[in-house]
Amino acid sequence: MTPLALCLALMTTSLFPTPQSVSLEEDTFFQLVPGTPLVLSDDSTAEELETFRELAADFPVRIDVLSESEYVTDEPAIFVGEPDRHNLLDSRRMRRWISAMRAPGPQGYRLTISPQAAVVAGADPAGTFYGMLRLMQLIDGSRIRCGEIRDEPDSRFRGVYLEERPTPELLRSLAEMHVNLVIIAHPDLYRLNGTTTAAWRNAFQTARRYHIEAVPVFSLQEGAETLFEFAPWIAAARPNSETIPLREEWQPLEHPHIIDTETTPLRVLANDTALQEGFDYALDRGDLESPFDGEARPTRIRWQSGSAVSRGSEVEVHYMYVPEGTMSFCFDTADAREVLQESFSHILDVLEPRWIHLGRGPALTPPADIRSRLSARRPDEVFREYHRLLGDWASDQGWSPRWMYWGALMDTLRAQTPGGSRGAAALLPRQALLVWQSETNTRRWSHNLDWARDAGIAAMPAPAGDRLTAYEAVRFLAGESDLRPGVVVMNADDTSSVRLALDKAWSHGTPTLPWPEGLNNVFRTNLWDPGFEEILDALVQHANRQALRNVAPEDARRDIQSAIRNVQSRVDRSEADFALGLYSNITQWQELEAAFTQEQSQTLLTRLLRVVRSQAELDPRFDDERLERIEEPIETRGLFVPSSILFREFVLPYRPMRIPSGCRILEVPVQPEYTDEEHRAEALFDFIVAPGPILRIDFDTVGTATVRIEHSMNGRDFELAQKWTSRERGGFRPPAILDRPVTTRYLRVEVEAPVEMAVLRNMRVFAIKEVPAAVCGYHSEAPELDADFKDPGWPQRPQLEGFVRDDADAFAEAQTTVRLYHDNNALYIAGYMREPRMDTLVASHTERNAPLWEDEAIEFRFIPGDGHERRFVVNADGVRFDSLDGDLGWDADWEAVTRRYPEGWAAEIAIPFDALGGPPQRGASWHMDSIRHRHNVIRERSIWGGIPGAATREFGVLVFD
């Protein structure tokens, strides 16, 4: 849906956004007749007159726009303006009409409508404009309902992000939704000296008339492609030297896209003596154009008759070339400064913006281009220099714009600036504004906003997910108007998200739904307006997570009670009580079930009956017959009701577990093969590779006298891990918790029920996710990269294993193992990616630095001692991607070889320490993580070191031995 269609679709209700205070009468109206005066102040500007005449033209009858001195009768009229500018609004009669309402804040207004007059009294010109728009929303046929509205925004900014030039119609529609900020990213903005200049100037002038702050994006990274189209020589370049024989035939140089300019000339030397083009040699200059791809026509050279060197003599050719696919340049070189200053100056001159959005900011780690004095400098030094240049250029034109940034820019600055967060915050200019994007992880987003608030930096969210994400984004704005000034909606095609965000940004109190307003945070859920089964499932999952964290049910229940008390002022009390009641039933069942395994007492069964009856009152799926069926075996046979019968959900029983410090317990998503006999049942698991030590096995069973857990590495020779026997009524009560966790490929569970049919179903296996730390050993010989792991340097056991799904508290379905070692020159990595669906594997990208995370790929991230993050990705076909602190123009000299196998694929990688900031000392530790991008009929992203859903990025540790 286009933004214009979107805006038209949104304007479907009479009052949007929701006013702060409304009091309208049912049967009293102000009647519109042809010629009804709309009276403005005498000092209205030309722009204001134009705007209100345009609005008046949309009334259902002819409206005459007059100044107050032209209004000479007492006929009913519409009076519009700010009282301190409008004499008639300051009159005794008008003051009496509007004085009963508290004066609104900035951008606010008071609207009073009686049969004799309609008065729009704005706190400022923007408030007057919004009051007029609200008055127009009240028009019904040719009449306006009488009453009063006092209104003002709770957020300073209500914005949207656009990637097109806004038309007057679009801007008018946005204004009617009280949008007052548009961030515009478009290639035209880097070349405002052509045929589109007038259209862009008009767009920004129209936006100002509608009290919309139009903010152009001027980004070195996002604008590079446009700038390269007309100035390719400013691209980041690398030096190269090659020795070749100078022959009569044309011969291509090694690299295309050679920058041969006055400041970077191509030079040909023989015995350190410079040769002259046209006398000693001839050049056929090849392509230098964006995009810089491998299809470019190369530069060629040949021997020239009469040369000072003989035909066939070896010469040295020195030149600068642009690496394939680069999108970066060094802004401080003379050539780049000239192009950038011209582009930036046109933005200031044509658009006259008050704010400029710098996108992701400068390339904080410039490539090693010898033309740049900033090469290899710290990001904070690069950032300061970039702002100095922009500030000087703006000052030369008499401008002092304010700056916006994407908040992600601060991640790099915080990690690599002396002084950390405090030092990064000090880099930002006064009145800077961070706009923090988020798609789904609102916890991470809110963590970043909290950091900005604590640093005293204004920041606002830019939700780009569903309506729940938008709701969460705006909800956090309440009470933080100075440092959280508003919201920018990114996904303009999602009408429900846009409408919700803009409505709640105007009035934080509307709407208030209990789950997004607070209960989601309490239970770590992502619900909007859920039904019973959604709520129950979410609460069961939360109780299960707490059980796996070794939190006793009574403690979990107490934590939830406290958390709900903290949000009760924002949510509907009945909804909160309902959720608490359900959760109490779940945790009481866990508490009683754990106690029943120790003592099968009547007291516990009586308490269980109370839980059953409480659940029957809350669960709409209960009826008298079901309640009776559940109560009967408890009362007559003394049996403890399973969770799957009571809740129709599998609730993990609580058992104390010995969990190593820093570790977590996660589910292993694998299904067993069952073998059933009359008195014996068996389940066999094949993990292919165990993600971690198996600690806990949950299952349903009845009347089981014996449980055996066995393990095997080959599937034939099994060893006993642990055995349990029971003579209690009902038999052994799962789960089975191993005293000594086992790391194994095969796990076999056997149950025996001598007096009844053996039952073994609903099996779930849980393993320990160990602390992500690895030791990288030394070996003197480099491996042959062939992806078969047979070289003697590779360790016998992988150092990286136990990859976890990044969207759940569970191990990955398809596990990955990684081995590492190093010699004096390089780090060597061998990864094996298990894949049971090899026939559907997808690896479609073929060019270096393509977005390989869209393919089947393995990724490695390192932060060595210099604090700069290196990222290396290789897909299943051996195509490579690398970046330095997010800079895709950085290309390291590293190798990768891949091979496919029937049940997975392998990659062997060699990364020279020169690309990693230098060789590490023995005992040195680096931050490291590995990410598996699985792409076939199933998409799965799994990580080794990170924590799913964490508010901040986590890494593992790599220690060099």
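Start by selecting R143 and F29: the charged end of R143 sits over the F29 ring, 3.8 Å from its centre. "Over a ring" here means NZ of Lys or CZ of Arg within 6 Å of the ring centre and within 35 degrees of the ring normal. Keep in mind that this is a predicted model, where local features need pLDDT of at least 70 and side-chain atom pairs count only at pLDDT 80 or more, while totals for chains, interfaces and linings use all residues. Residues are numbered from 1 along each chain as its sequence is written, and side-chain values use heavy atoms, with hydrogens and water left out.

Next, jump to R880, which lies over the face of W894 at 5.5 Å from the ring centre. Rings of Phe, Tyr and Trp (its six-membered ring) pair if their centres lie within 6.5 Å; planes under 30 degrees apart are stacked, over 60 edge-to-face, and the rest tilted.

How many aromatic pairs does that rule give? The count is 36. One of them is F685 with F687, which counts as stacked because the ring centres are 5.9 Å apart and the planes are at 10°. F685 is buried at 0% relative accessible area, and F687 is buried at 7%; buried means under 20%, exposed over 50% and partly exposed in between, using a 1.4 Å probe and protein chains only.

Now pick F699 and F732, another stacked pair, with centres 6.4 Å apart and planes at 20°. F699 is in strand β28 (residues 694-700) and F732 in the loop between β30 (719-725) and β31 (736-742), so select both stretches to see a link across 33 residues. Helices (H or I, at least four residues) and strands (E, at least two) are DSSP runs, numbered from the N terminus. Both F699 and F732 are buried.

Last stop: N448 in helix α12 (residues 442-454), buried at 9% relative accessible area. Leaving aside neighbours within four places in sequence, N448 is in contact (heavy atoms within 4.5 Å) with D411, R414 and W436.
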